[in-house]
Amino acid sequence: MTILRLVVFGFLLSIATTFVAAQELNPQDDPAVQRVAPFQVFDNLYYVGAKWVSAWLLVSDQGLILFDSLYGELTDLVIDGIRELGFDPDDVRYVIVTHAHFDHIGGARRFQEEFGSVVMMTDADWQMTDEPAIYRDYPKPVRHLSVADGSTLNLGRTRLRFMVTPGHTPGVLSTRFTVYDRGYPHDAFMFGGVGLNFSGVERTESYINSVQRLQQLPDIEVNIPNHEGSGEVFERYEILQDRQDGDPHPFVDPESWTAWLEILLLNAQSKLDNEREAAGVN
Ligand SMILES: [Zn+2]
């Protein structure tokens with residue numbers, strides 16, 4: 001009896017240890033690993049995200065706008081970051097959720113509950129919140145505002161122009177807005193869902209259509225990505241820190257925006273070939 005108990009106890013202990021070890025081992029979710037000291041990129045734009053997934057704070061004369069909320073304990077990095085920069089998370093009027101995957105939407109509910117922020121997303125991605133989560137579960141935000149293609153949001157003198165750019169999810173939300181460098185305005189764009197981790201001919205076609213629409217946008221000078229690697233955010237920030245008077249702003253880089261879209265399009269076109277082949281379409 002005692003031996004049996006010991007065996008059972010040992011078994012349970014090993015399960016518990018494995019569970020704890022597994023939780024500790026995922027550096028992607030670990031705020032200690034993921035922490036980035038928040039930093040200013042433009043007069044009105046700050047990075048408050050983690051290493052692998054981004055969040056951005058846009059400052060207006062009537063309050064704050066947050067792009068993406070991260071998830072789990074990484075949301076603490078966003079909130080702490082906002083405070084560290086001297087702002088108050090209670091002033092976050094809007095949370096723009098680029099798409100309904102856990103790494104972007106996961107903290108949205110918390111911003112609703114703790115800070116009274118209004119959460120904005122496309123209708124198609126609000127619908128995703130009614131379905132089982134694709135990758136990982138998250139606290140479902142209360143449905144606030146649905147954003148349609150071509151709509152705008154004004155907060156004080158700040159204006160966001162929205163585009164619905166499906167593909168990565170059915171309702172990826174992309175945003176055009178103005179950033180200021182020592183008072184000088186530049187057109188910035190956030191493409192809300194870049195990865196090709198989805199399947200289907202139609203979805204791939206809609207992704208391609210979205211990228212082609214972005215290619216037709218005139219005068220985009222600044223790429224603000226929702227994963228830093230999509231726009232070399234940390235490398236550019238290194239250069240920004242050493243910037244001398246008269247140097248260009250390293251984030252103002254229209255050529256790399258154009259070149260990046262070209263690469264996204266080529267990758268998506270080759271994905272489309274594979275998807276068609278898999279579906280038996282010629
Ligand atoms: Zn995603």
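This briefing covers the overall fold, the zinc site, the aromatic pairs and a few individual residues.

The structure is a predicted model, in which local features need pLDDT of at least 70, side-chain atom pairs count only at pLDDT 80 or more, and totals for chains, interfaces and linings use all residues. Residues are numbered from 1 along each chain as its sequence is written, and side-chain values use heavy atoms, with hydrogens and water left out. The protein has nine helices and twelve strands; helices (H or I, at least four residues) and strands (E, at least two) are DSSP runs numbered from the N terminus.

**Overall fold**

- The radius of gyration is 21 Å, close to the 19 Å that the globule rule gives for 282 residues, so the protein is as compact as a globular protein of that length. The radius is taken over C-alpha atoms, and the globule rule is 2.2 Å times the number of residues to the power 0.38.
- Along the principal axes, the C-alpha atoms fill a box of roughly 80 × 55 × 35 Å.
- Of the 282 residues, 46% count as buried; buried means under 20% relative accessible area, exposed over 50%, and partly exposed in between (1.4 Å probe, protein chains only).
- Among contacts (heavy atoms within 4.5 Å) between residues at least 6 apart in sequence, 65% join residues at least 24 apart.

**Zinc site and Thr169**

- His99 (NE2), His101 (ND1) and His168 (NE2) coordinate the zinc ion at 2.1 Å. Donors are N, O and S atoms within 2.8 Å of the metal (3.2 Å for Na, K and Ca); water is not among the atoms, so sites may look incomplete.
- The spacing of the donor residues in sequence is H-x1-H-x66-H. His99 lies in the loop between strand S5 (92–96) and helix H4 (102–105), and His168 in the loop between S9 and S10, so the pair ties together parts that are 69 residues apart in sequence.
- Both His99 and His168 are buried.
- Thr169 is in the loop between strand S9 (158–164) and strand S10 (173–181), and it is buried, with a relative accessible area of 1%.

**Aromatic pairs and charges over rings**

- A search of the whole structure finds 16 aromatic pairs. Rings of Phe, Tyr and Trp (its six-membered ring) pair if their centres lie within 6.5 Å; planes under 30 degrees apart count as stacked, over 60 as edge-to-face and the rest as tilted.
- Phe39 and Tyr47 are stacked, at 5.1 Å centre to centre with 10° between the planes.
- The ring centres of Tyr47 and Trp56 are 5.0 Å apart and the planes are at 90°, so this pair is edge-to-face.
- Phe39 is buried; Tyr47 is buried with a relative accessible area of 0%, and Trp56 also counts as buried at 0%.
- One aromatic cluster is formed by Phe189, Phe191, Phe198, Tyr207, Trp257 and Trp260.
- The charged end of Lys271 sits over the ring of Phe198, a member of that cluster, at 4.7 Å from the ring centre.
- Lys140 places its charged end over the ring of Tyr138, 5.3 Å from the centre. A charge sits over a ring if NZ of Lys or CZ of Arg is within 6 Å of the ring centre and within 35 degrees of the ring normal.

- In helix H3 (residues 74–84), the buried residues are Leu74, Thr75, Leu77, Val78, Ile79, Gly81 and Ile82.
- Their cover includes helix H2 (31–34), strand S3 (56–60), strand S4 (63–67), S5 and helix H5 (108–115).
- Asp29 lies in the loop between helix H1 (2–25) and H2. Not counting residues up to four places away in sequence, Asp29 touches Tyr71, Leu74 and Arg136.
- The side chains of Asp29 and Asn26 are joined by a polar contact of 3.1 Å.

**Gln241**

- Gln241 lies in helix H8 (residues 233–241) and is partly exposed, with a relative accessible area of 47%.
- Gln241 and Val41 are 200 residues apart in sequence, and their C-alpha atoms are 9.5 Å apart in space.

Conventions
Polar contact = N/O pair within 3.5 Å; in protein donor to acceptor, adjacent residues only side chain to side chain.
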